Amino acid sequence: MNRMLNHYHRITGYDRHAMVPHSLDWENQPSPCKIYQGLGGVDLADVSLLNDTLFSDVMESLTPAAAGRTMSLEALSRACLLANGPTGRSRQGDGWFYYRSAPSAGALYPNELYLVWPGAPDLEAGVYHVDVHNRRLTRLRRGGFAPFLRSACPAFGKAVRAVFVVSALFFRSAWKYRKRAYRYVLLDGGHLAESTRLALAAAGFSASVVYDFNDAGLNRLLGLDEKREGAIACIGINGPAIPETPGTQDVDNLPGNVLQAGRVSSREKIYPEIVKVHADSSACGPSAAVPRIGANDLGLAIESWQPVSGSGGLRAAPWKMGYAEAVVRRRSRRNFVPARLSAVQFSGLLESICRAYLSPDREHPAGACGTICTGFLCRNAEGLEPGFYLVDPEKRQIGRAGSGDLTVAMTDACLNQAWLKNAALHFVFMTNLEILDQDLGSRGYRHAMMSAGRLGHVLYLSATALGLGCCGIGAFYDREAEQILGLNPPSAMLYLVGVGPVPDRG
């Protein structure tokens, strides 16, 4: 059994009585943008983020109207901006800080987005870095690389139009979170992967997320410095492949100035724990069956199951805005008020989670969310007794695993962040680390953490569209949180997302 992921997760756990204080090296704060010197590219089309796409249509990932046509540069531009574009700014020191579509722990944005494009009338085949701040695609390579890509990522097969790749720059998060940062780059990577999948759905294209691929080959294709960064997820645009330019199975190493772009600070510290866990998880054999982590695996017993009250599907939820507006308005709103969550709001949140959990990744099990189990602590929701519940996404039902209001204790375990105690719900994403080791090896850690980030992103957007507040938490006293939930020793809580009513902004 490969226990590296279990070891990494435990040695990076927070302990109330063993926290080591540290100060941030502001003179060497990493740059949030990756800059390629001397490379050409293509400007993204001048499009607005806002359109009238219904929130429910995007979340349902309906059969796309665009299934038989080529994606235009305009549609691609909109998808790039919705996936990871700037959605607001604030003044910081002598300049502006830009917020993005996908949230990030500490607003450090450790993930980058790339595009492997097989060619179209208004965009030639090549490998591009998506520079959303400058609304530009920086060209890293010319030509078609579909044969190479399919060799590196066989889960996609031939029925894929193009592939987005999410990478992680470790120091951007490690600057603040030190050796625990690998957790955050995976959670944030899951947010960005789901944001990209949904942005493509809003453009009328279905897409699937895959975590398993040849790391070394993909990193070489993108020109990533493996000491500092690496590819962690692929999002394939489904449908008949568009005409390709001749491709190759081999790729040369990109020049040094491309690798140099991976340096985001003049003085970076490399954490050996991150280097080792990422290197160990880089080995990827043939696709394995993804485990379905459930109550028994976590050591939990369900007292009773019940259907989600008032469930009428996504279209019955009281969405206050369209999908693009929800993306633009999304923020980490944590000014919760002690008000009750309505049954229809709760139903909308649960239906969104169930939709994201099950589809469309069933065609690509390597991207499915079965490596985690979703639950929630209920404090104040209409029709629900306070308690700890698990979610069965296939049957659209919830099962009670514990009674009583546990949110105060969980707030204390989340580094005593007092604002969390007024949240109506604490969604928790859990897994069994030993089962991941047994079934998927160290690669399983990427599966679980990014799946938690993906479902957390769905909660962020759904809460925003319902007029609710939402905030994700990756910092907590690990053992205390696990004891509150009653998890068995091999299991762990990976991520917590607080949701609830906030003051109306009018």
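The model is predicted, so local features need pLDDT of at least 70 and side-chain atom pairs count only at pLDDT 80 or more, while totals for chains, interfaces and linings use all residues. Residues are numbered from 1 along each chain as its sequence is written, and side-chain values use heavy atoms, leaving out hydrogens and water. Helices (H or I, at least four residues) and strands (E, at least two) are DSSP runs numbered from the N terminus.

- Seven strands make an open, antiparallel sheet in the order 1-6-5-4-7-9-8; strands pair if DSSP finds at least two bridges between them.
- Strand 1 and strand 8 (207-210) stand at the edges with a single partner strand each, so one side of each lacks a neighbour in the sheet.
- Strand 4 (residues 111-117) and strand 5 (residues 126-131) pair over four antiparallel bridges, and Val116 has Val127 of strand 5 as its bridge partner.

**Two helices crossing**
- The axes (lines fitted to C-alpha atoms over the stretch in contact, with angles from 0 to 180 degrees between N-to-C directions) of helix 6 (residues 181-202) and helix 15 (residues 443-465) come within 7 Å and cross at roughly 55 degrees.
- Residues in contact (heavy atoms within 4.5 Å) include Gly189 and Gly190 of helix 6 and Gly453 and Gly456 of helix 15.

**A loop residue**
- Asp15 lies in the loop between helix 1 (4-11) and strand 1 (41-43).
- Asp15 has a relative accessible area of 39%, which means partly exposed (between buried, under 20%, and exposed, over 50%, with a 1.4 Å probe and protein chains only).
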